[in-house]
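I opened the notebook to record what I looked up in this structure. The entries follow the order in which I checked things.

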Amino acid sequence: DALHFSVLTLFPELLRPFTQEALLGRAAANGLLKFDLHDLREHAGNRWRKVDDTPYGGGAGMVIRVDVVERALAALPSTPDEVILLTPAGQRFDQRLAEELAGRQHIALLCGRYEGFDARVEGLVTREVSIGDYVMMGGEAAAACIMEAVGRLRPGVIGDEESWRADSYSSGLLDYPEYTRPAEWQGHGVPQVLMGGNHAAITRWRRDRALERTLARRPDLLPGAGLTPEDSSALLT
Ligand code: 6GU
């Protein structure tokens, strides 16, 4: 059955291309994923479609009303098994969380904008998620990231050609470098081992390059990568 994403946002058209183009769009057309984009203003409850108000206690900016979010969630065609508030104050999104969310049937993504939501939305959500330690103007780009990372984990969404590479992130290491024609470009060749037919040697070479790259760029990933004794000795040489 399709994994259903319901996005609640003030800017539904910002997400539209992600749901219609490329691999996510194809998965939606094939019935593997389902995307519904909902405009929070439809649930404003006033003729001016106003969803926010000034903060109690004073200060700059506007705060999105909790009753608007409540009505928007209640209007969904089915009850989501996950309601995620996108905020820089949330739990950091990572591959482990993507894998957990890929097991859900219906995920609601609530995109913040401006100053944020009334704190009482906490009672309406199952978790709060951030995509990293930087501040964006709204949660829409974060919703796109989550749909991309979770959607590709569902069976059939990406073909074999696409999947075998990225499994290297699931393996806990960065990808090894890839090469294609031309064999010689601006004086740069292709590693000899890849030009021969020794598949065991190619596999070991790729693993060593992935280890080397991870050590150089993301040493923090190594403890969780499940290294074999051969991997550990390769890292030391
Ligand atoms: Cl989910 N929202 C915003 N506004 N900024 C962010 C974020 C989310 N994640 C990281 N930065």
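In which element is A22 found? I looked it up in the model, which is a predicted one, and A22 is found in helix α2.

I noted a positive phi of about 55° for A22, which is not a glycine. Most residues other than glycine have a negative phi, and most peptide bonds are trans.

I placed R49 in the loop between β2 (33-39) and β3 (52-53). R49 counts as partly exposed because it has 13 C-beta neighbours inside 10 Å.

I checked the peptide bonds next. R181 and P182 are joined by a cis peptide bond, with omega about 5°. P182 is found in the loop between α6 and α7 (192-195).

**Entry: α1 and its partners**

I took α1 with α2 to begin with. The axes of α1 and helix α2 (residues 22-29) come within 5 Å, and they cross at roughly 75°. That makes α1 roughly perpendicular to α2. I list F18, T19 and Q20 on the α1 side of the contact, and L24, G25 and A28 on the α2 side. Sorted by class, this contact of α1 with α2 has 3 nonpolar, 3 polar and no charged residues.

I then went to α5. Helix α1 (residues 12-20) packs with helix α5 (residues 140-151) at an angle of about 20°, and their axes are 10 Å apart. That makes α1 roughly parallel to α5. The crossing of these two helices, α1 and α5, is right-handed. From α1, the contact is made by L14, L15 and F18; from α5, by E140, A143, A144 and M147. By class, I have 6 nonpolar, no polar and 1 charged residues for the contact of α1 with α5.

**Entry: α8 and α9**

How are α8 and α9 set relative to each other? The axes of helix α8 (residues 199-217) and helix α9 (residues 229-236) cross at roughly 60° and come within 10 Å. The two helices, α8 and α9, are therefore oblique to each other. I recorded the crossing of α8 and α9 as right-handed. The contact is made by R207, D208, L211 and L215 of α8, with D231, A234 and L235 of α9. The classes in the contact of α8 with α9 are 4 nonpolar, no polar and 3 charged residues.

**Entry: the ligand shell**

How many residues surround the ligand? I have 13 residues, and the closest are L86, P88, S130, M136 and A142. Strand β5 (residues 82-92) gives the most to the shell around the ligand, with 3 residues. The residues of the shell divide into 7 nonpolar, 6 polar and no charged.

**Entry: single residues**

I looked up F5, and its place is in strand β1 (residues 3-9). F5 counts as buried because it has 29 C-beta neighbours inside 10 Å, against a cut-off of 20 or more. Leaving out residues up to four places away in sequence, F5 touches F35, I107, L109 and M147. M147 is also one of the α5 residues in the contact with α1. I also took a distance: F5 and E230 are 225 residues apart in sequence and 42 Å apart in space, C-alpha to C-alpha.

Next was D67, which lies in helix α3 (residues 66-74). With 13 C-beta neighbours inside 10 Å, D67 counts as partly exposed. From D67 to G123 I have 12 Å, C-alpha to C-alpha, and the two are 56 residues apart in sequence.

Where does P155 lie? P155 lies in the loop between α5 and α6 (160-170). P155 has 7 C-beta neighbours inside 10 Å, so it counts as exposed. The C-alpha atoms of P155 and V7 are separated by 22 Å, and the two residues are 148 residues apart along the chain.

Definitions and conventions. Residues numbered from 1 in each chain as written. Predicted model: local features only at pLDDT ≥ 70, side-chain atom pairs only at ≥ 80, totals over all residues. Near = placed C-beta within 6 Å. Helix = DSSP H or I, 4+ residues; strand = E, 2+ residues; numbered from the N terminus. Nonpolar A, V, L, I, M, F, W, Y, C, P; charged D, E, K, R; others polar. Axes fitted to C-alpha atoms, helices over the stretch in contact; angles between N-to-C directions. Parallel < 35°, antiparallel > 145°, perpendicular 65-115°, else oblique. Left-handed = near helix turned anticlockwise from the far one by under 90°. Contact = placed C-beta atoms within 7 Å. Buried ≥ 20, exposed ≤ 12 C-beta atoms within 10 Å, placed from the backbone.
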